[in-house]
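Hi,

Here is the structure I promised to pass on to you. Have a look at it first, and then read on for what turned up.

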Amino acid sequence: QVQLVESGGGLVQAGGSLRLSCAASGRTFSSYAMGWFRQAPGKEREFVAAISRGGSTYYTDSVKGRFTISRDGAKNTVYLQMSSLKPEDTAVYYCNAAETVVAVKRGNDYWGQGTQVTVSS
């Protein structure tokens, strides 16, 4: 079992930046690939980014070059640095943990409660 708690969401103007954090507890953090998803009102939850246990990163096309996922093993935390934010990035952002990046992208295993990101135009 692993517990995930997201933080760092908020209201930001278009073009601004935010950094989301996801603190993990329970089983060894290094055992998991980690990811971020988002869900906008009236839309399905979608994959945003993932990072493997070894640090390889993966992004959906719409955030490439703007978002950066990273992990800190000493703090058991995964981050999502978001820059050049757009109104269409507005969503609840969720942290996800699974055995592999493939499993993360499928939305398997463990989820946090989500943090709201609102980008104003």
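In β3, V5 has A23 as the residue standing opposite. That pair belongs to the antiparallel pairing of β1 with β3, which are joined by six bridges. Strands here are DSSP runs (E, at least two residues) and helices are runs of H or I with at least four residues, numbered from the N terminus. Two strands count as paired if DSSP finds at least two bridges between them.

Before going further, please keep in mind that this is a predicted model: local features need pLDDT of at least 70, side-chain atom pairs count only at pLDDT 80 or more, and totals for chains, interfaces and linings use all residues. Residues are numbered from 1 along each chain as its sequence is written, and side-chain values use heavy atoms, with hydrogens and water left out.

**The sheet**

A23 also has a bridge partner in β8, namely T77. The antiparallel strands β3 (residues 18–26) and β8 (residues 77–82) are joined by six bridges. Along this pairing, C22 stands opposite V78, and L20 stands opposite L80.

Put together, the four strands make an open antiparallel sheet in the order β1-β3-β8-β7. Because β1 (2–7) and β7 (67–72) stand at the edges with a single partner strand each, one side of each has no neighbour in the sheet. On average, neighbouring strands of this sheet are turned by 15 degrees against each other, direction ignored. The axes behind that angle are lines fitted to C-alpha atoms (for helices, over the stretch in contact), and angles in general run from 0 to 180 degrees between N-to-C directions.

How much of β8 is buried? Five of its six residues are, so β8 is largely enclosed by the rest of the structure. Buried means under 20% relative accessible area, exposed means over 50%, and partly exposed is in between (1.4 Å probe, protein chains only).

**The turn between β7 and β8**

β7 and β8 form a hairpin with four residues between them. Two residues of this loop are worth a look in your viewer.

- G73 sits in the loop between β7 and β8 and is exposed, with a relative accessible area of 52%. Its C-alpha atom is separated by 24 Å from that of S17, 56 residues apart along the chain.
- N76 lies in the loop between β7 and β8 and is partly exposed at 30% relative accessibility. Its phi is near 50 degrees, a positive value in a residue other than glycine.

As background, most residues other than glycine have a negative phi.

**The loop between α1 and β10**

Another positive phi, of about 65 degrees, belongs to D109, which is not a glycine. D109 lies in the loop between α1 and β10 and is partly exposed, with a relative accessible area of 45%. G107 is in the loop between α1 (101–105) and β10 (110–111) as well, and counts as partly exposed at 22% relative accessibility.

T115 is found in strand β11 (residues 115–120). With 11% relative accessibility, T115 counts as buried. Its side chain reaches the backbone nitrogen of G9 at 3.2 Å. For reference, a polar contact is a pair of N or O atoms within 3.5 Å; within protein, one must be able to donate a hydrogen and the other to accept it, and residues adjacent in sequence count only if both atoms are side-chain atoms.

**The largest pocket**

What lines the largest pocket? There are 13 lining residues, and R38, A40, K43, E46 and E88 lie nearest its centre. The lining divides into eight charged, three polar and two nonpolar residues. Ala, Val, Leu, Ile, Met, Phe, Trp, Tyr, Cys and Pro count as nonpolar, Asp, Glu, Lys and Arg as charged, and the others, Gly among them, as polar. The space in this pocket is about 160 Å³.

A pocket is an open set of points on a 1 Å grid over the protein atoms alone, where a 1.4 Å probe fits, with protein on both sides within 12 Å along at least five of seven lines; lining residues have an atom within 4 Å of a point. Grid points are joined across faces, edges and corners, and the volume is the space filled by probe spheres set on the points.

Best wishes
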